[in-house]
Structures are given as C-alpha cells and as structure tokens.
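Dear colleague,

Please find below the sequence and structure that I am handing over to you. My notes on what was found follow directly after.

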Amino acid sequence: MAASVPPSRVAIVGTGHRAQLFTTGLADRPQYEVVALCDPSPTRMAFHNTLLAEHGRRPARTWAPDDFGTMLITSAPALVVVTSTDATHDAYIVAALRSGARVITEKAMTTDAAKARRIMDTVRDTGGDLKVAFNYRFNPVHAKVHELLHDGAIGEVISVHFEWLLDVRHGADYFRRWHRYREHSGGLTVHKASHHFDLVNWWLGARPRTVYGRGRLAFYGANGKRNGYARDYVRAHGSPAARDDPFAIQLADNPSLRALYLDAEAESGYIRDQNVFGDGITIEDDMAMLVEYDSGAAMTYHLTAYSPWEGYRVMFNGTRGRLELEVEEAAWTRPAQQVESARGSVHGDLAADTAGGARIVVRPLWQPPEEVKVPAFDHAGHGGGDQRMLAALLDHAPEQADDRATAEDGLFALLPGLAANESFRTGQPVDVTTLL
C-alpha cells in the first residue's frame with residue numbers, strides 16, 4: 001500500500017477578520033495543515049486557533065512579526081497566506097518566496113511603487129508562485145460578463161463607465177480603522193479599487209496605460225462639522241456620544257469583533273472603532289478617474305464612500321452595441337444596525353437584508369435590448385466568489401484555474417490606483433509605466 005501523502009504545511013500572516021476565510025477554508029481541507037500563525041496580537045492568534053479546534057484541527061504555533069524569518073525556517077511552510085495590513089505585504093511576500101514557499105496574498109498586493117517593484121523582482125529572481133486573492137473574478141455574475149464580452153456580444157469595447165458605491169455603513173468602516181491612513185492602505189484607490197481595476201483588466205483582456213484623477217476627502221473627517229454629522233468622541237467604545245451614532249460601530253455587540261479587536265487592544269494598540277469624523281484621516285472618500293488602456297479603450301471610474309445604497313454599475317460601449325451591469329448589494333442602509341455576522345462584517349460576508357438583485361442587459365445595434373439571465377448567486381461571501389476562489393487557489397479546481405490572479409495581474413490592478421494617487425497630488429495625468 002502506498003504511503004499517505006502528509007498534508008501541505010501552511011502559515012497565515014495577519015489574523016484579523018479577513019483571515020478567517022483562509023483559516024476555516026484550510027481547516028476544511030485535509031490536504032492542508034495550518035502549522036503557524038503570525039500576528040502582533042496573541043489574542044487574535046488564539047481566536048484563530050479556536051477556529052482550527054472547532055474544525056477538529058491541531059492548534060498552530062504562534063509567532064510575532066519580528067520572528068517571521070525564524071518561523072519560515074522552523075515551521076517550513078509550503079504555502080504562506082498573507083492577510084496582514086496592506087503596507088506590510090511586501091516584506092512577508094518577499095521573505096516567503098525566497099524561502100521557497102508559494103504565496104497567496106490578499107489584495108491589494110502592496111501599497112506603493114517601490115514595494116511593487118521589490119515584489120516583482122523577487123518573483124522574477126526566484127521563479128516563485130505568487131497569487132493575489134481577487135475574489136470578485138469568481139462571482140458568477142462577473143464571470144458571465146466576461147463570457148459575453150469575450151464572445152463578442154458587443155464587438156470591440158471602446159469605452160467603459162464604472163461607478164462603485166459604498167454605503168454609509170460599509171464605506172464609513174474604512175474611516176474607522178487602519179485604512180484611514182494612506183501609509184497603511186494606499187487609500188481606497190489602492191485598497192478597494194484594485195478589485196475593480198482587476199475586473200476591468202480581466203474583462204477587457206487589457207492593461208492600463210495612462211491615468212488622470214481627482215480625489216478628495218469630501219464627507220468624512222473634519223467635514224462632519226460642516227454637514228452636521230459630527231459627534232464629540234475619539235472612539236465609539238465606552239462613549240455615550242457614540243451609542244446612537246449611526247456612523248459608529250459597537251465592538252462589544254459582536255463576539256467576533258470583541259475577540260479580534262477589543263480584547264486585543266492592550267497588546268496591539270490597534271483601535272478598530274475610531275470616529276469617522278475625527279482628525280488625522282489621510283485618504284479620500286470621493287474619487288474620479290479617467291483610465292486609458294493599451295487596447296485603445298477608455299474608462300471613466302468613480303468611487304463614492306458615503307452613498308445611501310451599496311452596489312455598482314458598469315457600462316461597456318462597443319462596436320456592436322452596449323452591455324450594462326447593475327448590482328444592488330443594499331438598496332438602503334439601516335442606521336445603528338447591530339452586526340450579526342460571525343466574522344464581524346456584513347457586506348461581503350452576510351447578505352444585507354435590504355439587498356436587491358443583479359441585472360445584465362445587452363443592447364445590440366439595430367435590435368431591441370436583451371436581458372441576460374443572471375446566474376444563480378447570493379450576495380453573501382462576495383457573491384459566492386470567496387468559496388470559488390478558495391477552490392481555485394487551494395484545490396486547483398481546473399474549471400477556475402485560468403481565473404486565478406498572478407503577480408502580474410496584481411501589479412496591473414495596483415498601478416491605476418497608484419497613478420491616481422500621484423495624479424491627485426500633481427493634477428496631471430500619469431503614465432503608469434513611469435511607476436515601474
């Protein structure tokens with residue numbers, strides 16, 4: 001009888017709420033064993049070891065970030081999953097690739113051009129395997145749009161208009177936590193919009209070339225005094241002024257948020273529930289961009305982080321017609337809603353109870369419009385994209401293998417946001433190749 005193959009050893013770096021997807025996904029797969037967790041917070045790592053135990057798996061050894069190099073030698077992971085703060089991705093990716101491990105990193109791949117060059121140089125020098133966790137590629141609605149465009153439903157795509165709306169609960173959340181500081185997240189053009197730029201690159205089979213953008217902090221931060229939403233508190237926990245603030249999040253009301261963040265504050269120093277109208281925010285909440293692609297197509301893009309509803313509209317104009325996509329993830333937003341999700345979030349994890357549907361319409365030249373049947377999907381789990389992505393990345397599911405995002409895909413999803421940040425600063429268009 002042939003000897004059984006031992007499970008592949010895995011390390012997870014960064015044990016916040018997003019890492020739960022990977023911890024539980026790996027624990028459900030007997031071909032993997034999570035042998036190491038790395039995070040500044042022992043409390044957060046203990047929470048993830050509890051998740052492993054709940055799935056009948058052994059606890060992983062825990063490591064501080066300063067000991068990551070020792071962890072690679074001692075634990076010898078074949079796979080390293082990077083779900084830490086975006087600005088730290090490069091250090092872990094580079095060290096893991098040099099150790100011979102394959103790497104899966106959460107988007108955005110990194111936060112600035114120098115770090116991106118370092119990652120790409122390491123991929124080239126080591127021949128290593130780096131994949132970026134762009135789960136939106138695996139949403140069946142997005143896959144249907146990809147199929148229609150590549151089958152020539154509207155001919156050659158000439159222009160794209162893409163509007164993404166974050167509501168005043170989900171959008172506000174980026175201004176409560178570490179994302180509010182550009183040095184950690186690169187701003188929403190990087191942290192959030194890299195998802196969207198990757199979709200457009202994938203849909204068009206094209207690469208961005210030139211970017212012009214205008215962005216500002218127009219709603220959150222000090223604007224709260226002008227628009228009448230400001231409350232006088234620094235962080236929500238323990239503040240009477242925050243109890244009925246619809247822009248606040250109450251960490252103590254959710255077991256996951258309490259365990260991952262509130263209980264870990266003393267050791268990590270990280271405050272997860274800052275006032276969205278407080279001082280010191282260095283990112284934008286309203287961003288407009290014009291992007292030119294090497295295919296000749298142009299895209300107008302707008303990201304709003306203070307919308308009354310959550311969702312997105314994408315319109316493609318082609319030589320044979322027009323394709324329109326609209327997804328309504330939340331038709332409206334309830335104030336001061338207690339979060340019920342075990343992962344401490346609603347958008348992307350649970351479907352909002354006010355969620356609408358998805359609609360794809362093809363409008364051919366000289367013919368009546370045709371509404372395309374939308375594949376079955378649920379708003380939960382990012383439209384089902386999370387589980388399909390795990391199957392592609394961890395099980396190498398052949399039907400989805402071609403949709404996995406490579407390091408190069410991660411780079412070209414990152415570059416429009418980096419170029420936009422530079423254009424915001426200078427007021428000038430930016431050639432993305434100058435960033436390389």
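Predicted model: local features only at pLDDT ≥ 70, side-chain atom pairs only at ≥ 80, totals over all residues.

Thr110 is located in the loop between β5 (102-106) and α5 (113-126). Apart from neighbours within four places in sequence, the residues in contact with Thr110 include Asp86, Asp90, Ile119, Val190 and Leu414.

Turning to the sheet, 9 strands form an open arrangement with mixed pairing, in the order β14-β13-β12-β11-β7-β10-β9-β8-β16. Its edge strands, β14 (370-372) and β16 (430-431), each pair on one side only. Strands β9 (residues 286-293) and β10 (residues 298-307) run antiparallel and are joined by 7 bridges; Leu290 has Thr300 in β10 as its bridge partner. Helix α16 (residues 407-426) packs on the sheet, where it touches β8 (208-216), β9 and β16.

As for charged pairs, the structure holds 29 salt bridges. One of them joins Asp386 to Arg18, with the closest N and O atoms 3.0 Å apart. This pair links distant parts of the chain, 368 residues apart: Asp386 is in helix α15 (residues 385-394), and Arg18 is in the loop between β1 (8-13) and α1 (19-27). Asp386 is buried, at a relative accessible area of 3%.

A further salt bridge brings together the side chains of Arg272 and Asp173 (2.8 Å, N to O). Arg272 lies in the loop between α13 (265-268) and β9, and Asp173 in helix α7 (residues 170-173), so the pair ties together parts that are 99 residues apart in sequence. Both residues, Arg272 and Asp173, are buried.

Yours sincerely

Key
Residues numbered from 1 in each chain as written. Heavy atoms only, no water. Helix = DSSP H or I, 4+ residues; strand = E, 2+ residues; numbered from the N terminus. Contact = heavy atoms within 4.5 Å. Pairing = 2+ DSSP bridges. Axes fitted to C-alpha atoms, helices over the stretch in contact; angles between N-to-C directions. Salt bridge = Lys/Arg side-chain N within 4 Å of Asp/Glu carboxyl O. Buried < 20%, exposed > 50% of the residue type's maximum accessible area, 1.4 Å probe, protein only.
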